Amino acid sequence: MDKQKTVTIARKVESIALGYIGVFFFSLGTSYFQERFLYRVPRILIPVFDMLGNVGLAIGLLILGGGFIYYGFTKWKSVTEKKSLYWILAVAGLIAGVALANINFNPNKSTDIQEKMDKKRESQMDELRNLDGLSFSNAEVDEHIAKYNTLYKRYEVSIKNQDETAIAECEKELVEWMTKTADIMQGLSNEEKVELARYQAKLSIQWNDLK
C-alpha cells in the first residue's frame, strides 16, 4: 500500500512538473509578440524562429506550452479523480507566469536602449573614421595599404559613374585584399595586429561610406 502511494505521488509530481514546463513556455510565448533584444528559443523551435521571426516563435511557444500542459493533465487524471485541482494549479501558474514574462517588457524602454546602442555604435565608427595612420613601420604593410588606396580610388570612380561591372570587380578585389591582410597579420606582433585590425576597420568604414 505504501509503495502504491509513493508511485501515485511520484506520478502526480511528474504531471505537475510537465504542466509547469508548459506554463513556462506558454508564458514566454505571450511576451514574444513584440520584438525584443534577446530571445530564449527552444531548440525544436529554432527553424520556426528563423523562418517566421518573433511572431512565429510566440505562436510556436503557445502551442508547445499548451501541449505540455495538456500532456501533464493526461498523466494527472490517470492517477487521481481530482481533475479540477490540476487546472487550478495550472491557471494559477499561468496568471503568475504571464505577468512575470510581460511585466518587465516596456517598448519605450527598449526604444531608449536601441537609441543608446545606435549612438554608441556611431560614436565608435566616428572614432575609427578619424583614426590616424599606422604608427609602426613595415614595408609589406605599407605596400598593402598602398594597394588599398589605389583600389579605393578605382571604386570611387566606379561609384560615381554607376558602373555596376566595375563596382563588382572592385568589391571582389577588396575581399582578396582583406584575405591578404589576414596573411600579413601572422608575421606581426600582438600590438601590431590590434593596430592593423583597427586600421582595417577604418578602411572598411571608408569603403562602405561611399555606398
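Which residues of the largest nonpolar core touch the most other members? The close-ups below come from a predicted model, and the second of them takes up that question.

**Close-up 1. Helices α5 and α7 side by side.** Two packed helices are described by the angle between their axes and the distance between the axes. Here, α5 (residues 139–161) and α7 (residues 190–208) pack at about 10 degrees, and their axes sit 11 Å apart. Angles under 35 degrees count as roughly parallel, so α5 and α7 are roughly parallel to each other. On the α5 side, the residues that meet α7 are V141, I145, Y148, L151, Y152 and Y155. Their partners in α7 are L196, Y199, L203, Q206 and W207. Sorted by class, this contact has ten nonpolar residues, one polar residue and no charged ones.

**Close-up 2. The largest nonpolar core.** Back to the opening question: V141, Y148 and W207 touch the most other members of this 18-residue core. Helices α5, α6 (164–185) and α7 are the elements that give two or more residues to it. Zoom in on W207 and, leaving aside neighbours within four places in sequence, you'll find it in contact with Y148, L151, Y152, Y155, C170, E171 and L174. There is also a second, separate core of eight residues, with F25, L28, L45 and L61 among them.

Close-up 3. H144 has its place in helix α5. Is H144 buried or exposed? The cut-off for buried is under 20% relative accessible area, and H144 comes in at 6% relative accessibility, so it counts as buried. Not counting residues up to four places away in sequence, H144 touches W177, K180, T181 and I184.

**Close-up 4. I63 in helix α2.** Now for a residue in α2 (residues 46–77), namely I63. Exposed means over 50% relative accessible area, and I63 has 61% relative accessibility, so it counts as exposed. Look across to F25, which is 38 residues from I63 along the chain: the C-alpha atoms of the pair are separated by 8.8 Å. F25 itself is one of the residues in the second core.

Terms used
Residues numbered from 1 in each chain as written. Predicted model: local features only at pLDDT ≥ 70, side-chain atom pairs only at ≥ 80, totals over all residues. Heavy atoms only, no water. Axes fitted to C-alpha atoms, helices over the stretch in contact; angles between N-to-C directions. Helix = DSSP H or I, 4+ residues; strand = E, 2+ residues; numbered from the N terminus. Parallel < 35°, antiparallel > 145°, perpendicular 65-115°, else oblique. Contact = heavy atoms within 4.5 Å. Nonpolar A, V, L, I, M, F, W, Y, C, P; charged D, E, K, R; others polar. Buried < 20%, exposed > 50% of the residue type's maximum accessible area, 1.4 Å probe, protein only. Core = buried A, V, L, I, M, F, W, Y, C linked by side-chain atoms within 4.5 Å.
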